[in-house]
Amino acid sequence: MSRNIFMEEALKEAQKAAALGEIPIGAVIVRDGEIIARGHNLTETQKDPTVHAEMNAIRQAAAYLGGWRLTGCSMYVTCEPCAMCAGALVWSRMENLFIGTMDPKAGACGSVFNVAENPRLNHCIHVERGIMQEECADQLKQFFKGLRLRRKRGRNHPAAESEEIKE
């Protein structure tokens with residue numbers, strides 16, 4: 001299957017996050033050409049800083065496979081993972097990581113840090129960047145544009161305080 005098909009599924013997950021008022025980042029995990037896990041951001045909804053799209057997908061994939069080693073798996077994520085998520089991807093032994101758009105302020109897979117491909121760690125992930133980059137970046141831009149507009153109108157949202165991704 002085409003990489004774009006899986007990234008489109010990750011974009012659908014990001015839309016679910018946006019509908020909840022969450023920063024719209026989505027992820028899917030694929031093994032043997034089949035999506036085995038999905039995730040989107042839930043940090044505001046669950047008031048938990050660890051429930052990023054990537055972490056939710058990793059937890060779901062581990063449950064599906066019955067173990068924490070996600071060898072043979074690939075993640076498609078709409079925005080470059082942070083240090084926490086990149087670390088979890090390395091620890092889970094993810095084989096491939098396909099990133100939509102980069103995060104120049106907090107990304108840990110090539111922007112600010114490169115945890116995923118660090119040869120000093122016990123595992124390195126094959127990373128490809130820019131998969132449907134325009135669509136992924138636009139989704140984030142539109143979300144933050146809406147937040148800024150609501151903030152101007154006096155309708156603040158907790159995520160408005162953390163506009164960490166501005167391209």
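Met132 is buried, with a relative accessible area of 12%. Its place is the loop between strand S5 (126-129) and helix H5 (133-152), and its phi is near 55 degrees, a positive value in a residue other than glycine. The model is predicted. The protein has five helices and five strands, and six salt bridges are counted in it. Five residues, Glu9, Lys12, Glu13, Lys16 and Arg38, are linked in a network of salt bridges.

**Overall fold**

- Read along the sequence, the elements follow the pattern α-β-β-α-α-β-α-β-β-α.
- The radius of gyration of the protein is 15 Å, which agrees with the value near 15 Å for a compact globule of 167 residues.
- The C-alpha trace spans about 50 × 30 × 30 Å along its principal axes.
- Of the contacts with a separation of 6 or more, 56% are between residues 24 or more positions apart.

**Burial, surface and charge**

**Salt bridges around Glu9**

- Side chains of opposite charge can pair when their charged atoms come close.
- Glu9 forms a salt bridge with Arg38, with the closest N and O atoms 2.9 Å apart.
- Glu9 lies in helix H1 and Arg38 in strand S2 (residues 34-40), so this pair ties together parts that are 29 residues apart in sequence.
- Glu9 also meets Lys12 in a salt bridge, at 3.0 Å from N to O.
- Lys12 and Glu9 both lie in helix H1 (residues 3-19), three residues apart, which is about one turn of the helix.
- Glu9 is buried, with a relative accessible area of 17%, because the cut-off for buried is under 20%.
- Its two partners are partly exposed: Arg38 has a relative accessible area of 29%, and Lys12 has one of 43%.

**The Glu13 and Lys16 pair**

- Glu13 and Lys16 meet through their side chains in a salt bridge of 2.8 Å, N to O.
- Both residues are in helix H1, three residues apart, so about one helical turn separates them.
- Glu13 counts as buried at 2% relative accessibility, whereas Lys16 is partly exposed at 41%.
- Glu13 and Lys16 belong to the network that also links Glu9, Lys12 and Arg38.

**Positive phi at Asp32**

- Asp32 has a phi near 55 degrees, a positive value in a residue other than glycine.
- Asp32 is in the loop between strand S1 (26-31) and S2.
- Asp32 is exposed, with a relative accessible area of 76%, whereas Met132 is buried at 12%.

Definitions and conventions. Residues are numbered from 1 along each chain as its sequence is written. This is a predicted model: local features need pLDDT of at least 70, side-chain atom pairs count only at pLDDT 80 or more; totals for chains, interfaces and linings use all residues. Side-chain values use heavy atoms; hydrogens and water are left out. A salt bridge is a side-chain nitrogen of Lys or Arg within 4 Å of a carboxyl oxygen of Asp or Glu. Helices (H or I, at least four residues) and strands (E, at least two) are DSSP runs, numbered from the N terminus. Buried means under 20% relative accessible area, exposed over 50%, partly exposed in between (1.4 Å probe, protein chains only). The radius of gyration is taken over C-alpha atoms; the globule rule is 2.2 Å times the number of residues to the power 0.38. Contact means heavy atoms within 4.5 Å.
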